[in-house]
Amino acid sequence: MTKGGMESVEVFTSEGKGRGLKAQKEFLPGDVIFAEPAYAAVVFDSLTHVICHTCFKRQEKLHRCGQCKFAFYCDRTCQRAAWLNHKNECSAIKRHGKAPSENIRLAARIMWKIEREGSGLAEGCLVSIDDLQNHVDSFDEEEKKELRVDVENFLEFWPPQSQQFGVQFISHIFGVISCNGFTLSDQRGLQAVGVGIFPNLCQANHDCWPNCTVIFNNGNHEAVRSMFHTQMRIELRALSKISPGDELTVSYVDFLNVSEERRKQLKKQYYFDCTCEHCKKQIKDDLMLAVKEGGSKPSAETVKEVIQFSKDTLEKINKARMEGLYHEVVKMCRECLKKQEPVLGDTNIYLLRIFSIASEVLSYLQMFEEAADYAKRMVDGYMKIYHPNNAQLGMAMMRAGVTHWHAGLIEAGHGLICKAYGILLITHGPSHPITKDLEVMRVQTEMELRMFQQNEFMYYKMREAALKNQIQVMPEPSNEPSPTLFHKKE
């Protein structure tokens, strides 16, 4: 079964997993298997005034919709592109007096699209909205209660003159959002800013060591001629060589967790038991729980104590980060590392988590040398654990490279930026804003490295000037976890 723009994939019944997608032709790493615009998408409640409601880019100055005063756009181009989807929402918000929550807004946008086009197969879709899984039967009491509240709020918001839907179908739509809502990030890929429904993507099954990755592309409306504009979309990209007939898989969760934890998370959030090779054989679990080699091996009791201490510290760190107490965070990281380093191995996930937080917060506080040391050790650990073409690994390498550059460690910085660029060319592609940023950094650090090797004195003179016009000022550490594939309420 193929559909417009989807000729290279087909839906099939995957044993024990329901529907799945498989390749109809060969793909190489970095190939775009398909691109899919959102069926419907909304900005998160907390960011509605700082993110464009069409392309989901973060912008300094946004134009506000003059009618409902709720929606914001980059410019007239984005506002015009939004009108078909915003028209009904605009009048409903005015009638209701205020905008409802993101879940209600997304459900309403889906329903208005069904009202316009019917609920059958939309153009370019492999499956209809009716056929997407909702898992409502698997909801626990708390989730059922939330569903009832959502349905009630939806019915209050839904205009009487619009097509009326039964409670069962409305519940189905909320179920679909709950298990298929895809996280949308800003143009730098650093913050989750919204949620959307992409029916074709929903057909790709999970594997902890997948052969594909999903990247959100905000599109580009900057060209003068609209024929060169590209729309907001997700891209399913190959991470490794894929042969015709191979199932196409993506990972719903970050791999940086032992198999038991990943399986628990998948069961709780997506209602299935993961049977992938890495979970069944617990591949890489030994690395993620590694203890110090050589000398006298720490006792099982000592390891248990240190891991418990790490878990407790990570909770305290999260609290301090929420309150913006960054010096306190650094102090806790240093204390934790003192206990961890004699006991835990270089790839232990508890050690790597502390390295990650410490390097990010120290960079923000401009303590770059210490930050660079932790960033390097974090990346060395990640490289032994992650798939070589993992997007998280690429992003971590990019951050580590920039930190090394700030610390004046130009050779190591350039090396990390080049490696990150190699990964992001595959995971994000050459035209993605993040890859373009990285290309600028790569060219700049290459030029600096050449100058450093020829004349150190001149290099340091130039560096002083460059620091006034930094490659990238380190952003304030985010209290949000990095965007996950699907948007789930915790």
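Two strands pair if DSSP finds at least two bridges between them. Helices here are DSSP runs of H or I with at least four residues, strands are runs of E with at least two, and both are numbered from the N terminus.

Before you start clicking: this is a predicted model, where local features need pLDDT of at least 70, side-chain atom pairs count only at pLDDT 80 or more, and totals for chains, interfaces and linings use all residues. Residues are numbered from 1 along each chain as its sequence is written, and side-chain values use heavy atoms, with hydrogens and water left out.

**Stop 1: the whole chain**

Show everything as a cartoon.

The protein exposes about 23,400 Å², and 50% of that comes from carbon and sulfur atoms; the areas come from the Shrake-Rupley method with a 1.4 Å probe, and for residues only the protein chains shown count as cover. Of the 490 residues, 52% count as buried, where buried means under 20% relative accessible area, exposed means over 50%, and partly exposed is in between (1.4 Å probe, protein chains only).

Contact means heavy atoms within 4.5 Å. Among the contacts with a separation of 6 or more, 68% are between residues 24 or more positions apart.

**Stop 2: the hairpin**

Select residues 9-14 and 18-23. These are strands β1 and β2, which pair in the antiparallel sense over six bridges. Pick Val 11 and look across to β2: its bridge partner there is Leu 21. Three residues sit between the strands of this hairpin, and Gly 16 takes a positive phi near 75 degrees.

**Stop 3: the rest of the sheet**

β12 runs antiparallel to β2, with two bridges joining them. Leu 21 has Leu 248 as its bridge partner in β12, and Lys 22 has Glu 247.

Bring in β9 as well. β9 and β12 pair in the parallel sense over two bridges, and the partner of Asn 205 in β12 is Thr 249. You now have an open sheet of four strands in the order β1-β2-β12-β9, with mixed pairing. β1 and β9 (205-206) stand at the edges with a single partner strand each, so one side of each is left without a neighbour in the sheet.

**Stop 4: just past β12**

Select Leu 256, in the loop between β12 and α5 (259-270). Is this residue buried or exposed? Leu 256 counts as buried, at 7% relative accessibility. Leaving aside neighbours within four places in sequence, its contacts are Met 288, Ile 349, Arg 353, Tyr 382, Ile 385 and Tyr 386.

**Stop 5: His 278**

Move on to helix α6, where you'll find His 278. His 278 is buried, with a relative accessible area of 9%. Which residues does His 278 contact, leaving aside its neighbours within four places in sequence? Show Cys 208, Trp 209, Phe 255, Ser 259, Arg 262 and Ile 283 to see them.

**Stop 6: two positive phi values**

Finish with a pair of loop residues. Lys 284, in the loop between α6 (277-280) and α7 (285-288), has a positive phi of about 75 degrees although it is not a glycine. Then jump to His 135, in the loop between α2 (102-117) and α3 (141-157). Phi of His 135 is near 55 degrees, a positive value in a residue other than glycine. His 135 is partly exposed, with a relative accessible area of 21%.
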